[in-house]
Amino acid sequence: MMFEVLRPKPADKILKLMKAYREDTRSEKIDLGVGVYKNSTGITPIMQAVKKAEQRIWEEQQTKAYVGLEGDSAFNDSMIGLILNNTIERDRIAAVATPGGSGAVRQAFELIRQANPNVRVFVSNPTWPNHVSMLSYLGIEQIDYRYFDERSRGIDIQGMLDDISKARPGDVVLLHGCCHNPTGANLTSVEWDEVISMLQRTGATPMIDIAYQGFGEGVEQDAVATRKVAESCPETLIAASCSKNFGIYRERTGQLMLITQEKDKSSVKMKQETLAFLNRQNYSFPPDHGGRIVSTILNDSSLRVLWEAELERIRTSLLDIRNLLAATLQELSHSDRFGFITQHRGMFSQLGCNFEQVKVLRENYAIYMVDDSRINVAGLTEEKVPVVAKAIIKVGI
């Protein structure tokens, strides 16, 4: 029979963790694993700006017919505006809507493999596990570059620069635009300049995965590094997600951009047609509802102000929890060794503990985190912080 040759695939660690958490019957269990924002009541709320946009769409939309292969042009233009804010001329950008940020990353990998079958993709160690999984599935060579310093819980910038210096023209260096997943540790402005200089020196192409714009320092500030890279390099790929900053996880809304310094319109048109072709081969027309929500919000001044205010409250709530957790750990440990938590940004921080300690936290204290000790700060509340902090100290982190 044909399908007898199929073999079990490696389980996704985060999905496996989610299943274990659901099956845990302990009432005191705490989920710090899944990468979804939750408010103080433990739910992922729908933003009021999203509700208002959906109401308007429901009232005004006249058809559910297909949009183009590239997705709705209003969505693509509004996302380009959100991320790049007129720093790049629009006629130098090819863009398509995708099913979520994951879809954008996958399409980007398909594109670079088509452009260079022998491409090597340099990825941070660690990185989002699905980067690694997709590259492996597509048969693209992956090369790790040093990123997270286990001792300082910050950036090993010299190690990073040394490693990406080995990239060549035709290679791709994958970077996190802000709020690095899984570590939460981000490059400074000066370090970004050093990385850009190295990219220019090697001729490698940058690819930026920006999934958390607005969760770090603010909507505008979180895009500064991405804009600087796009302005400085001959070509740049950007994979963007709307799941977190618009809270529309299940709508699967993302975008892939290919930016070039070329002003030859025929060349940009060819790149646009290539992105559309890849969409056609994978899923034809991208989903539209999430994109319509985003463009409705971004193109209406009152809805945009409301959205930005809601997003800012999410950002500051994450900072408040970070500060509380760090302060509680400092008090319990009588040391400042957890100060890095206040320096990290976004939903995640990597505690730096070993697998056995993570296992003990799970089995003895019903505290769930990813095996590499990544915690989702949004899974904490003021009431949960002391519980988690005490357990962290007890297991010897």
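Visitor: Hi! Which residue does Asp 171 form a salt bridge with?
Guide: Hello! In this predicted model, Asp 171 pairs with Arg 120 in a salt bridge, and their closest N and O atoms are 2.7 Å apart.

Visitor: How many salt bridges does the structure hold?
Guide: There are 19 salt bridges in the structure. One of them joins the side chains of Asp 24 and Arg 26, at 2.7 Å from N to O. Asp 24 counts as buried because its relative accessibility is 10%. Arg 26 has 24%, so it counts as partly exposed.

Visitor: What about Asp 288, which residue does it form a salt bridge with?
Guide: That would be Arg 292, with the closest N and O atoms 3.0 Å apart. Salt bridges with shared partners also bring in Asp 72, so that Asp 72, Asp 288 and Arg 292 make one network.

Visitor: Why does Asp 288 count as buried?
Guide: Its relative accessible area is 19%, and buried means under 20%. Arg 292, at 23% relative accessibility, counts as partly exposed.

Visitor: Switching topic: where is Leu 306?
Guide: Leu 306 is in helix H11, which covers residues 301–333. With 25% relative accessibility, Leu 306 counts as partly exposed.

Visitor: Leaving aside neighbours within four places in sequence, which residues is Leu 306 in contact with?
Guide: Those are Gln 48, Ala 49 and Lys 52. Met 47 is 259 residues from Leu 306 in sequence, yet the C-alpha atoms of the two are 9.0 Å apart in space.

Visitor: Now the whole protein. How many helices and strands?
Guide: The protein has 14 helices and 13 strands. Its C-alpha trace spans about 65 × 60 × 55 Å along the principal axes.

Visitor: What is the radius of gyration?
Guide: The protein has 21 Å, which agrees with the value near 21 Å that a compact globule of 397 residues would have. Buried residues make up 54% of the 397.

Visitor: And how many positive and negative side chains?
Guide: The protein carries 47 positive and 50 negative side chains, with the centres of the two sets 4 Å apart.

Conventions. Residues numbered from 1 in each chain as written. Predicted model: local features only at pLDDT ≥ 70, side-chain atom pairs only at ≥ 80, totals over all residues. Heavy atoms only, no water. Helix = DSSP H or I, 4+ residues; strand = E, 2+ residues; numbered from the N terminus. Rg over C-alpha atoms; globule rule 2.2 N^0.38 Å. Buried < 20%, exposed > 50% of the residue type's maximum accessible area, 1.4 Å probe, protein only. Lys, Arg positive; Asp, Glu negative; His and termini not counted. Charge placed at Lys NZ, Arg CZ, Asp CG, Glu CD. Contact = heavy atoms within 4.5 Å. Salt bridge = Lys/Arg side-chain N within 4 Å of Asp/Glu carboxyl O.
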